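Subject: Structure handover

Hello,

Here is the structure for you to look through. My notes on it follow below.

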Amino acid sequence: HHRRALIHAARRVTGLETCVDGIPMHGMLDQQILAAMLRNAGLRDAAIRRAMPEIRRHAQMYYVRGCPSLERKVCPGVRRLLGKLERAGIPMGLVSGNFTRIGWKKVERAGLKRYFGLAAFADMGKDRAALLRLAIRQARRRGWITPGTRVSLVGDTPRDVEAARANGVMAVAVATGLCTRDELEAASPDIVVDDLRSLPAEALYLV
């Protein structure tokens with residue numbers, strides 16, 4: 001449904017037929033995916049920049065209107081881990097490559113929205129490192145982070161590991177996405193797991 005939303009919005013605004021074939025989407029932000037789709041369809045960068053705000057608006061409208069239930073799409077161990085962190089009083093934020101309304105709708109339809117007290121989405125920064133930096137600033141302003149607090153980023157792509165490294169936080173890689181465990185290990189995360197069932201909650205916040 002997410003992919004259809006991007007394709008629909010690109011067509012609605014530019015009239016071009018696009019697709020995601022050949023685009024390494026894992027870890028990319030929505031606007032990066034759209035830009036690649038439009039370049040492949042022959043649109044120049046200046047035209048892409050002009051069209052992007054309206055494409056973003058239509059993509060979010062399309063997605064929010066028709067997003068199906070995602071409760072059966074939640075990866076193994078996610079609910080259990082979030083529940084443990086919540087019971088331990090650990091604040092959690094969402095760093096997502098999706099546009100804001102798409103990202104919130106996804107976690108809402110997955111039944112996970114209540115766990116996240118703050119978020120940084122694709123339309124708030126140029127890459128994942130910038131989004132994580134923004135989320136960390138939000139957490140500091142709220143008093144969630146003090147000197148010595150362990151901050152961890154859990155993600156499923158090498159770009160997530162790079163974002164964690166760029167911000168000096170612990171990188172946790174989980175192989176339930178499109179990247180293999182070998183690809184994740186090559187990025188040198190602090191922790192790599194096959195899925196979140198094997199990640200102790202305490203590893204994310206105990207120094």
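**Strand β4 and its neighbours**

Ala-171 in β4 is the bridge partner of Leu-153. The model is a predicted one, in which local features need pLDDT of at least 70, side-chain atom pairs count only at pLDDT 80 or more, and totals for chains, interfaces and linings use all residues. Residues are numbered from 1 along each chain as its sequence is written, and side-chain values use heavy atoms, with hydrogens and water left out.

Helices (H or I, at least four residues) and strands (E, at least two) are DSSP runs, numbered from the N terminus. Two strands are called paired if DSSP finds at least two bridges between them. Strand β3 (residues 152-155) pairs with β4 in the parallel sense, over four bridges. Further along, Gly-155 stands opposite Ala-173 in β4. Strand β5 (residues 191-193) also runs parallel to β4, and three bridges join them. Here Val-174 has Val-193 in β5 as its bridge partner.

The chain crosses from β4 through helix α8 (residues 181-186) to β5, a β-α-β crossover that is right-handed (with the strands pointing away from the viewer, the path from the first strand over the helix to the second runs clockwise). β3, helix α7 (residues 158-167) and β4 also make a right-handed β-α-β unit.

How many residues of β4 are buried? In this strand (residues 170-174), five of five are buried, where buried means under 20% relative accessible area, exposed over 50%, and partly exposed in between (1.4 Å probe, protein chains only). Met-170, Val-172 and Val-174 cover one side of β4, and Ala-171 and Ala-173 the other. β3 has a covered face with Leu-153 and Gly-155, and an uncovered one with Ser-152 and Val-154.

**Second largest pocket**

A pocket here is an open set of points on a 1 Å grid over the protein atoms alone, where a 1.4 Å probe fits, with protein on both sides within 12 Å along at least five of seven lines; lining residues have an atom within 4 Å of a point. The second largest pocket holds about 160 Å³ of space, the volume being the space filled by probe spheres set on the points, which are joined across faces, edges and corners. Its lining includes Ile-136, Arg-140, Arg-150, Asn-167 and Met-170. By class, the lining residues are six nonpolar, four polar and two charged (Ala, Val, Leu, Ile, Met, Phe, Trp, Tyr, Cys and Pro count as nonpolar, Asp, Glu, Lys and Arg as charged, and the others, Gly among them, as polar).

**Aromatic pair**

Rings of Phe, Tyr and Trp (its six-membered ring) pair if their centres lie within 6.5 Å; planes under 30 degrees apart count as stacked, over 60 as edge-to-face and the rest as tilted. The count by this rule is one aromatic pair. The ring centres of Trp-104 and Phe-121 are 5.4 Å apart and the planes stand at 65°, so this pair is edge-to-face. Trp-104 belongs to helix α5 (residues 100-109), while Phe-121 is 17 residues away, in the loop between β2 (118-120) and α6 (128-141). Phe-121 is buried at 1% relative accessibility, and Trp-104 is partly exposed at 22%.

**Two loop residues**

Most residues other than glycine have a negative phi. Ser-188 is not a glycine, yet its phi is positive, about 60°. Ser-188 sits in the loop between α8 and β5 and is partly exposed, at 44% relative accessibility.

Ile-23 lies in the loop between α1 (2-14) and α2 (30-40). Ile-23 is buried, with a relative accessible area of 10%.

Regards
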